[in-house]
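Please look through the sequence and the model below before reading on.

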Amino acid sequence: MSADYFANFDTIRFDPKSERDLAYRVYDKDRVVMGKRMEDHLRMAVCFWHTFCWPGSDVFGAGTFDRPWLQGTQDAAAAAARREAGLAFVEKLDLPFYCFHDVDVMEAAESVADFRANFATAVDHLEQLQAQTGRKLLWGTANLFSHPRYMAGAATNPDPEVFAWAALQVRDCLDATHRLGGANYVLWGGREGYDTILNTEIGIEQDNFGRFLSLVVDHKHRIGFTGTILIEPKPHEPTKHQYDFDTQTVYAFLKRYGLEKEVKVNIEANHATLGGHSFEHELAMARALGILGSVDANRGDYQNGWDTDQFPNSVEEWTLAMLEFLRAGGFATGGFNFDAKVRRQSIDAADLFHGHIGGVDTIAQALLNAAAIIEDGTLESFRAERYAAWQGELGKSFHADTATLASVAQHAVDSNSSPAPQSGRQEWCENIVNRARCSN
Ligand code: XUL
Ligand code: CO
């Protein structure tokens with residue numbers, strides 16, 4: 001029984017004075033922060049793909065992990081073992097949620113009939129396991145990028161037959177997510193992009209992508225799914241140029257196809273940094289645009305340019321992100337999903353715990369720091385004060401329907417003076433953030 005793989009591990013609990021490694025030192029799920037329990041703020045999830053499907057392989061070498069559910073071929077027994085191990089692990093971590101791709105939880109199948117039958121078996125089993133373990137589904141998603149049929153994209157494939165296969169997978173996976181009580185449904189455009197413009201018609205691909213997303217949203221309403229549809233931006237990898245480059249690009253795409261009220265973003269920390277942004281920039285942009293949905297929690301590596309999907313471990317960086325998160329009002333249906341994997345040499349069962357415990361405590365500490373900064377109010381007052389003139393008579397008059405470029409320009413002519421420069425006080429702001437580290 002693969003669930004027994006974790007039999008020697010106790011459930012991970014909050015125990016700040018523990019002498020053992022396997023305890024949360026900060027994450028106290030019942031602690032109330034800014035009026036909400038930590039567990040309800042953070043809504044953390046374990047992902048299937050990195051933790052239960054990836055064997056520890058890289059482009060130079062084979063898998064290094066010796067896990068019972070990775071033994072043998074991609075058969076039904078291995079898939080069932082993965083499902084059991086997955087839910088058992090989430091329960092041991094005492095986290096509320098998990099996430100999956102359709103292919104993560106089922107055995108491989110080539111024909112449509114086999115694919116659907118295998119996935120249906122997996123969903124039945126997951127439903128039982130959810131009831132047994134009390135764990136919930138944060139989001140489901142269809143893998144539209146691993147199978148060779150998707151090598152030239154799914155919804156953006158030049159071949160409509162591939163578009164139909166993608167529709168089949170998303171329809172079935174959205175139905176399954178609905179049945180399992182999932183809180184969201186994610187679309188990461190794995191190969192929705194291009195490698196060379198020499199063979200690519202961007203206009204046709206964009207229209208097909210927009211059409212696909214409209215059909216997904218329509219299906220959501222047809223089946224009565226009340227969760228949120230999320231797009232996960234990423235600038236490149238696997239394709240050279242991914243269409244869902246970043247939050248701002250996704251918003252423009254949603255606007256163009258009239259979907260900006262229907263779809264939000266699932267922001268991934270490492271995708272933000274690959275796009276040349278900071279993680280907090282992407283969160284701030286999503287907040288400004290009103291489309292912050294959920295977060296894939298991980299980090300990249302400063303010395304290389306690919307998606308290393310490491311566990312979050314910088315409280316300093318995450319404090320900046322959590323400020324934006326709290327200002328946005330936190331999650332409605334989203335959560336923090338550990339889209340992160342232990343390193344290839346971290347082969348022990350304990351390493352899976354260390355990775356997740358470290359990530360959970362990093363985010364929990366950042367939440368405490370950000371809450372302390374916001375509750376203290378100094379930084380928030382400064383920010384409000386900086387823009388206060390826009391609430392005054394002058395600022396409002398520039399937004400009045402009667403204002404024209406000429407009337408606004410006339411104000412400068414009439415006042416005939418230079419605006420008084422104001423310090424942006426960046427270093428002082430940074431000091432306020434650093435001070436919060438010592439206060440809780
Ligand atoms: C890929 C990635 C995916 C999505 C789900 O970079 O982040 O795992 O989160 O398809
Ligand atoms: Co992700």
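Are lysine 234 and aspartate 307 buried or exposed? Lysine 234 is buried, and aspartate 307 is buried as well, where buried stands for under 20% relative accessible area, exposed for over 50% and partly exposed for what lies in between, with a 1.4 Å probe and protein chains only. This is a predicted model, in which local features need pLDDT of at least 70 and side-chain atom pairs count only at pLDDT 80 or more, while totals for chains, interfaces and linings use all residues. Residues are numbered from 1 along each chain as its sequence is written, chains are lettered from A and ligands numbered from 1 in the order in which they are written, and side-chain values use heavy atoms, with hydrogens and water left out.

Side chains of opposite charge can pair when their charged atoms come close. Lysine 234 and aspartate 307 form a salt bridge, and their closest N and O atoms are 2.8 Å apart; the term is used for a side-chain nitrogen of Lys or Arg within 4 Å of a carboxyl oxygen of Asp or Glu. Lysine 234 lies in the loop between strand 8 (228–232) and strand 9 (241–242), and aspartate 307 in the loop between strand 11 (292–297) and helix 10 (315–327), so this pair ties together parts that are 73 residues apart in sequence. Helices (H or I, at least four residues) and strands (E, at least two) are DSSP runs, numbered from the N terminus.

By this rule, the count of salt bridges comes to 17. Another of these joins arginine 135 to aspartate 94, with 3.6 Å between the closest N and O atoms. Because arginine 135 lies in the loop between helix 4 (112–133) and strand 5 (136–141), and aspartate 94 in the loop between helix 3 (76–93) and strand 4 (97–101), the pair ties together parts that are 41 residues apart in sequence. Both arginine 135 and aspartate 94 are buried, and they belong to a network of salt bridges that links Arg13, Lys29, Asp94 and Arg135. A further salt bridge is formed by glutamate 260 and lysine 255, whose closest N and O atoms are 3.6 Å apart; glutamate 260 is buried, its relative accessible area being 18%, whereas lysine 255, with 46%, is partly exposed.

Taken alone, ligand 1 exposes 290 Å², and the protein buries 94% of that.

Elsewhere, arginine 327 is found in helix 10 and counts as buried at 19% relative accessibility. The side chain of arginine 327 makes a polar contact (a pair of N or O atoms within 3.5 Å; within protein, one must be able to donate a hydrogen and the other to accept it, and residues adjacent in sequence count only if both atoms are side-chain atoms) with the side chain of glutamate 380, at 2.9 Å.

What can be found on the surface? Leucine 198, in the loop between strand 7 (193–194) and helix 6 (202–223), counts as exposed at 81% relative accessibility.

The backbone comes last. Most residues other than glycine have a negative phi, and most peptide bonds are trans. Arginine 43, although not a glycine, has a positive phi of about 45°; arginine 43 is found in the loop between helix 1 (38–42) and strand 3 (45–47) and is buried, with a relative accessible area of 18%. Glutamate 237, in the loop between strand 8 and strand 9, likewise has a positive phi, near 80°, and counts as partly exposed at 29% relative accessibility. A cis peptide bond, with omega about 10°, joins glutamate 237 to proline 238, and proline 238 too lies in the loop between strand 8 and strand 9.

Key. Accessible areas come from the Shrake-Rupley method with a 1.4 Å probe; for residues, only the protein chains shown count as cover.
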